[in-house]
Amino acid sequence: MLVIAHLSDTHLDSHPRSAERTARVMDHLNGLARPADAILITGDIADHGEVAEYETAARLFESPTPVLVCPGNHDVRDAYRKGLLGDDRGGDGPINSRHDVAGAVFLLADSSVPGEDDGHLDAETIDWLAAELGTVPDDTPTFIAFHHPPVALHHPVIDPTRLLPATPLADLVAAHPQVVAVLTGHFHTAAASTFAGRPLRIAPGVISTLRMPWEGEGRLTTQSQPPGVAFHVYDDTGLLTTHYRVVV
């Protein structure tokens, strides 16, 4: 049984609130009676994309469990590399990474577009995903993770900034049976759907929770709800089950 703890959208800044909520979630995960096999954080790590914010993230994300992180639209690639990855060279190219953990493969792709809120996987990233998937045996569970959901989730403000176009990724997923699920963030609320015939799971937000249109007028997000985390469980029968929790 593989257990993945999935969180997103920490939006760390100079305000103590974001750090406190992130620390609360990490303390919860680090204190689990049965540790997760991986902690996945799907983007918008920093709120302003400053090196100091990523240095804070690096401290808060410390864990005996492997922590896998990819960027979101609020993240700045050069500062992300310097403050979070410890790469003094920096750089503005897409941040894509592969992690082999507990018998599974995690392919973390960069769906950010510098200076924009929109989601997009550029040709370099699609080629990278195709090359990596080509090396993974069909019986090895593989998770593709990035920030922007690749489907509409019925919110008029967030949906226009989803991953577009999604067809190149859908074609890749459909062609590779080892892909167990697609895991994303950006939506600031727990959600579940399907994509290219596979489970799509969206993590709740750490910093805030998105208000859906049918929940009434008001601010786009609310900070009155506690931060959340998703636990994805992949069992020996090939079944993926997701449990959503708030952390009080």
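# Reading salt bridges, helix faces and strands

Mentor: Start with aspartate 100, which is exposed, with a relative accessible area of 53%. Exposed means over 50% relative accessible area, buried under 20%, and partly exposed in between (1.4 Å probe, protein chains only). This is a predicted model, so local features need pLDDT of at least 70 and side-chain atom pairs count only at pLDDT 80 or more, while totals for chains, interfaces and linings use all residues. Residues are numbered from 1 along each chain as its sequence is written, and side-chain values use heavy atoms, with hydrogens and water left out.

Trainee: Which residue forms a salt bridge with aspartate 100?

Mentor: Side chains of opposite charge can pair when their charged atoms come close. The cut-off is a side-chain nitrogen of Lys or Arg within 4 Å of a carboxyl oxygen of Asp or Glu. Here the partner is arginine 98, with the closest N and O atoms 2.9 Å apart. Arginine 98 is partly exposed, at a relative accessible area of 30%. Arg98 and Asp100 also belong to a salt-bridge network with Glu132.

Trainee: How many salt bridges does the structure hold?

Mentor: Seven. One of them joins arginine 24 to glutamate 20, with 2.9 Å between the closest N and O atoms. These two are four residues apart in helix α1 (residues 16–30), so about one helical turn separates them. Helices (H or I, at least four residues) and strands (E, at least two) are DSSP runs, numbered from the N terminus. Arginine 24 is partly exposed at 23%, and glutamate 20 is partly exposed at 39%.

Trainee: What does arginine 77 form a salt bridge with?

Mentor: Aspartate 110, at 3.0 Å between the closest N and O atoms. This pair links distant parts of the chain. Arginine 77 sits in helix α3 (residues 77–83) and aspartate 110 in the loop between β5 and α4, 33 residues apart. Both arginine 77 and aspartate 110 are buried.

Trainee: Now helix faces. Which residues of α5 are buried?

Mentor: An α-helix has 3.6 residues a turn, so residues three or four places apart point the same way. In α5, the buried residues are Leu169, Ala170, Leu172 and Val173. They fall within an arc of 160 degrees seen down the axis, so they line one face of the helix. The arc is that of the directions from the helix axis to the C-beta atoms. On the other side of α5, Asp171, Ala174 and Ala175 are exposed. The buried residues pack against α4, β6 (142–145), β7, β8 and β9. Contact means heavy atoms within 4.5 Å.

Trainee: And which residues of α4 are buried?

Mentor: Thr125, Ile126, Trp128, Leu129, Glu132 and Leu133. Their arc is only 160 degrees around the axis, which puts them on the same side of α4. Facing away from that side are the exposed residues Ala123, Glu124 and Asp127. The packing partners of the buried α4 residues are β4 (97–101), β5, β6, α5 and β7.

Trainee: Which members of the largest nonpolar core touch the most other members?

Mentor: A nonpolar core is a set of buried Ala, Val, Leu, Ile, Met, Phe, Trp, Tyr and Cys residues joined through side-chain atoms within 4.5 Å. The largest one has 29 residues, and Leu129, Ile144, Leu169, Phe187 and Phe195 touch the most other members. Elements giving two or more residues to this core include α4 (123–133), α5 (167–175) and β9 (198–202). A second, separate core of 26 residues includes Leu12, Met26, Ile41 and Ala79. Back to leucine 169: leaving aside neighbours within four places in sequence, its contacts are Leu121, Ile126, Leu129, Ile144, Phe146, Leu163 and Phe195.

Trainee: Do β8 and β9 run parallel or antiparallel?

Mentor: Strands of a sheet pair through backbone hydrogen bonds, either parallel or antiparallel. Two strands pair if DSSP finds at least two bridges between them. β8 and β9 run antiparallel, joined by five bridges. Phenylalanine 195 has arginine 198 of β9 as its bridge partner. Their hairpin has two residues between the strands, and alanine 196 takes a positive phi near 50 degrees. β7 and β9 run parallel, with three bridges. There, threonine 184 stands opposite isoleucine 202 in β9. Four of the five residues of β9 are buried.

Trainee: What is the strand order in the open sheet of five strands?

Mentor: The order is β3-β2-β1-β12-β13, with mixed pairing. β3 (67–70) and β13 (240–246) are the edge strands, each pairing on one side only. β12 (residues 228–234) and β13 pair in the antiparallel sense over seven bridges. Histidine 232 has threonine 242 in β13 as its bridge partner.
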